[in-house]
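Look through the structure below with its surface and its charged side chains in mind. The text after it takes up single residues and then their partners.

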Amino acid sequence: MKKYIDRYRNKKRCLFVNVSEASFKLINGYKLNKLYRPIIYSNETNLRDINEYVKKLNIKTVIIDNTRVNHLSEKDIVTLSTLKIDGFEVLDVQHFYEILNRRVSLIKFNPNEYHVDDIFSIGINPRQAIAKRIIDLLIAVCCLPIVVPVLLFGIILTKLSSKGDVFFTQERVGENSKQFTIYKIRTMADIIHSDGSIEKRITKIGKFLRLTKIDELPQLVNILKGQMSLIGPRPERYEYVQEAVNENAFFNLRHLIKPGLTGWAQVHLPKATPKDNLKKLEFDLYYIKHYSVLLDFEIILRTIRIVLTMNSN
């Protein structure tokens, strides 16, 4: 009991009105438990009303979960409206999840059923798309004097350290699910074993190029051609996209915009593993939903920090 009290002593209390998969995903999350002490309320089983909980437990934030049931009694609506007017935070569980984690919440009830809130309303409007394209071109052109010497440095290192083509090309899925050819500096080489088998392995120079992101610089050509943006979801192979869509049907929504050299998911999960696929998708969709120049600026700053500390992707 003492450990439980110590754990929540300095944390704000928040009240969850009704709970479902969405609430438990939030309640069990690291960020919520770091900042809040969650208290669960059900208007079907609790004898006391919401107001009594709020007053007696000094609760300042109330989260409404309407994932399964989107109706409330008149009494609850009056209570929650009064709390809102009195300055209390009254938030929908999906909105609270986004505020806390800065990614959208994707809930899968069973293999063939998903929770759909306002997910299909996401997207960048035409004016934003034009402004984003202009910014891409301006930054890409301004960066050329810096990028070209660094790119030449990477090309020379690759040419001197291993045999094979300097550049690596591969088909990736871009905006509107159209495929395009991506350009990178090659970071792998064929290793011939004694039994005659061939294995592709990252070279020492290739590892350095990946850590510093120099291998990604040829994608500036993709940006200039309009196939990619400086910032957006990571471009993936067609085969991977098909697997990802089978895993989560919302995955194709990433292709509402151009893929990026860096992105919201990349800066949050620079060392992502397959277990992080859902989180990456939630970050990507959050970026599309909340796109702004300020968010792009934050991503650029985070990317610079990752490059300087040489975190691998």
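L152 is partly exposed, because its relative accessible area is 48%, where buried means under 20%, exposed over 50% and partly exposed in between (1.4 Å probe, protein chains only). This is a predicted model, in which local features need pLDDT of at least 70 and side-chain atom pairs count only at pLDDT 80 or more, while totals for chains, interfaces and linings use all residues. Residues are numbered from 1 along each chain as its sequence is written, and side-chain values use heavy atoms, with hydrogens and water left out.

L152 sits in helix α7; helices (H or I, at least four residues) and strands (E, at least two) are DSSP runs numbered from the N terminus. A nonpolar patch on the surface is formed by L137, V141, L144, V148, L152, I156, L160 and L224, which together have about 690 Å² of accessible area. Patch members have over 30% relative accessible area and no salt bridge; like charges are joined within 9 Å, and nonpolar side chains (Val, Leu, Ile, Met, Phe, Trp, Tyr) within 5 Å. The areas come from the Shrake-Rupley method with a 1.4 Å probe, and for residues only the protein chains shown count as cover. Helix α7, residues 126-161, gives the most to this patch, with seven residues.

D65 lies in the loop between β3 (61-64) and α5 (74-85) and counts as buried, with 4% relative accessibility. The side chains of D65 and S23 are joined by a polar contact of 2.3 Å (N or O atoms within 3.5 Å, one able to donate a hydrogen and the other to accept it within protein; residues adjacent in sequence count only if both atoms are side-chain atoms). Beyond neighbours within four places in sequence, the contacts of D65 include V17, N18, V19 and V93, contact meaning heavy atoms within 4.5 Å.

Side chains of opposite charge can pair when their charged atoms come close. The structure has twelve salt bridges, each a side-chain nitrogen of Lys or Arg within 4 Å of a carboxyl oxygen of Asp or Glu. One of them joins E282 and K25 at 2.3 Å, N to O. E282 is in helix α12 (residues 277-289) and K25 in helix α2 (residues 21-27), 257 residues apart. K25 is partly exposed at 24% relative accessibility, whereas E282 is buried at 1%.

E282 also forms a salt bridge with R103 (2.6 Å, N to O). R103 lies in the loop between α6 (93-101) and β5 (108-110) and E282 in helix α12, so this pair ties together parts 179 residues apart in sequence.
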